[in-house]
Amino acid sequence: MNNIPAHIQRLIFIILVIATILLIVDLVIIISILSEKISAKRNAKRRSEIREKIQQYITAWLMEEDLNIQEFMSKEIANYFSNIQLKFKLFREILYEEIFNANKVLLGDDQKKIKELYTFFGFEQKIKKEFFRYKWYKLVNATNDLLAIKALENSTMFTELLDHPNQFVRLVAIKAEISMGGDQVDILSEIHFPLSDWEMYEIISFLKRSQFKQIPNLSKLINHESITLKILGLKLANIFQELDLDMDAASFVVHPNPKVRTAIIEYLAECGGNEYLNELKRRFATEEEPVKIAILKYVSLHGTDDDVPFIFNKLKDAYPAIRVKAAETLQNMNSNSMSFLSYLESNGDKSDQKLAIHVLNKF
Amino acid sequence: MLTFFSYFIQFGLFLYCMMIFTSYILMSVRSWKVLKHHKQANLNIDFNAFRQNPYLPSISVVAPAYNEGVTIVENIRSLLSLGYNNLTLIIVNDGSKDDTLEKAIKFYDLEKVDYYFEYRLPCNEIKAIYKSKNKAFKKLIVVDKANGGKADALNAGINVSYSDYFACVDVDCLLEENAFEHLIYPVINSHKEVVAVGGIVWLNNDAEVYHGHMVKLQIPNKFLPRIQLIEYFRAFLLGRTAWSSINGLLLISGAFGIFHRERVIEVGGYNKKTVGEDMELVIRLHKLMLNNKIPYEVAYVPTPLCWTEAPVTKTILSRQRNRWARGTAECLMLHRDMIGRKKYGIIGMLSFPYWLIAEWFGPFIEAFGLIFTLVMILLGYINIYFFVAMLGLVFSMSLFFSILAIQAQETFFNRYSEPKEIGRLFITAVLEPFIYHPLTVYWAIKGNYDLFFKKTHSWGEMTRTGYAPATAPKKP
């Protein structure tokens, strides 16, 4: 080692230091993972014991008919847990989980009783603290919990969050605002970020779950400059069967965005008349696959015998999926068009025969 | 002169080493951030609600089967139990020589049907298409075709499919019940066109499986599968997660992934001339979208959704690695025009050069570096202390990434509960650089040799040992 030049010795020293540091880091990670695993294994039994007791206790409270929560607590709580237990973090964590698990599966009065438990143990304060945490998921989880247990109080904080860069925060803010009684369309109109399909599904299913009979003023959303809000508006109009809309449907049919065109055609198919039949048939050849499928659906719902040649023509489309949809349109439009399909099954060329069999057998 | 040459090579090797480690560090940091976000996001997505949703894109699962007679009934049962609402299951019997088709016909009450389809992608003759008479299996389609290999069978399945997306799945893989709900999420949550989505494939050797469902997962008992498990942790958790976050993913595992059906048809389907058909398809999809300047995404879901059995013997593992090496080389050569081209963005400027240097040339550089250093030590041009110190650094770094990958598994998925099992995994990680890594380097070099000098293009046989005896799950 003495023969080695000084600069090489220094380099060897630096390399060895780096290697040693890395090995120490490895060791620390290994020890921390293993100790965590061992303690988790030890805690697992304790957790399940606590969980079982808490479940028994919640069931007893749900079965209780005579006492109010204060009386029940003063009488029953000692049968299940000690006051010291109630202060333990692990205990409160499991209690919180079980209250929300029960809330998910219960309805009506039972759900109200669960909410009383939640209030009694002061979990409201715990959740509110989460609102002021830096981490986005703490805020989202807290709001979702409040929504689930129907304990969301009026607050202005969610209005600002409608434009939050994180989509989960935005989504939960929309739900919170709507739950607090805000006008659905006004709230949705505030969103400046484009909505993804998933966000639209979430909003639609939330509105359906909230049991709104109708969404007033949907025209505002449909005529919004944001493309995705326009699409959401049309989808909502379709689902909630809003017939009285103030919109220029003709301009949407030729809208540059194919998703808008698909949404308006699907809406017109379900809620409109046959006035767009010729226009849509004319546009068919230049459209993209999803729009073509929407047009065929429109034709199947509003078409007449006069449209059979048009559909027949589509049985030779370049895309097999469109051919199958066209054959399905024949099958569904009316009894005359159906008989054309049956004719194809017996008298068409081999390819048409196969197509007819495919559709008639619902493959 | 020799001294200068020795320094020059040493400097090159040192640079290579530093480049690889730096890229691993960057990937690990990036992956950690993505995994953390993904974990929190997943808690706020109701995947069960997807199951009932009829508006989600439809998916056809295309599962090629060749000589799977022993397990075909169980495998189909497992795939049929997937919960996705808009799902069709297409089993492609690729000219099996055993009773694969007969067993499927008998058990699932199949009959020949006049199913309408077109040969939009090249594939060997489709002899017949079967559907079940039993309404309970109405999602099932069995295609019987002349043997043509995996890529050919997948092309046949795509020809028969009418879904928006198709999934390529190895028929013997076990999928999580909500695998497709997870895979479709990036598709419906992106503002760009999602042409492909991959998921994590993990190993389940020695797991207890009952009726196509995993009852108990455990760390593999044997050394070889256990060491591969660490490799999978590194590749899927630290590697692909990072690449996908910058839309630079070049490979979606052939065992499990979904693809945009029309886009795949547009690029000509699977290439039958390469053994790396999965990677080659992804590259062609990148190329198509980048050439046409269409905003797109090749997405990745960092959640373990697919379970497969790792090779347990050196012979079979060597064949698999040989094939992977050949596949990588073939794909990179086929699409060499993308390397370093600005037009191809991240793919051309980052992913391709990385794959070229780290994945294809890596084994050659490593082998050359080791031999060169040993020769130089013998000739007295390199100091033995320096060599030992460098060896220590390389070992500590490679161990660090293995430990980090295990830590990522623990932090974000925590699929293994026994501390003893995790302990064994750590010991395996320590042994890996000495016992296993030199072998993988050798197999990769051998694969390249076979490709260029023996012109080998075959898959090589892969035998499976099967899961632990199927027993009824114990009641909790």
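Mentor: Start with contacts, meaning heavy atoms within 4.5 Å. Among contacts in chain B between residues at least 6 apart in sequence, 80% join residues at least 24 apart. Keep in mind that this is a predicted model, where local features need pLDDT of at least 70, side-chain atom pairs count only at pLDDT 80 or more, and totals for chains, interfaces and linings use all residues. Residues are numbered from 1 along each chain as written, chains are lettered from A and ligands numbered from 1 in the order written, and side-chain values use heavy atoms, without hydrogens and water.

Trainee: What share of the residues in chain B is buried?

Mentor: Buried means under 20% relative accessible area (1.4 Å probe, protein chains only). In chain B, 60% of the 476 residues are buried.

Trainee: And how do I read a nonpolar core?

Mentor: In soluble globular proteins, nonpolar side chains tend to be buried together. A core here is a set of buried Ala, Val, Leu, Ile, Met, Phe, Trp, Tyr and Cys residues joined through side-chain atoms within 4.5 Å. The largest one has 270 residues, and A:I99, B:I91, B:F180 and B:F259 have the most contacts inside it. Helix α13 of chain B (residues 384-412) gives the most to this core, 15 residues; helices are DSSP runs of H or I, at least four residues, numbered from the N terminus.

Trainee: What does B:F259 touch?

Mentor: Leaving aside neighbours within four places in sequence, its contacts include B:D164, B:Y165, B:V195 and B:L285. Apart from that core lies another, of 7 residues, among them B:L13 and B:F372.

Definitions and conventions. Buried < 20%, exposed > 50% of the residue type's maximum accessible area, 1.4 Å probe, protein only. Helix = DSSP H or I, 4+ residues; strand = E, 2+ residues; numbered from the N terminus.
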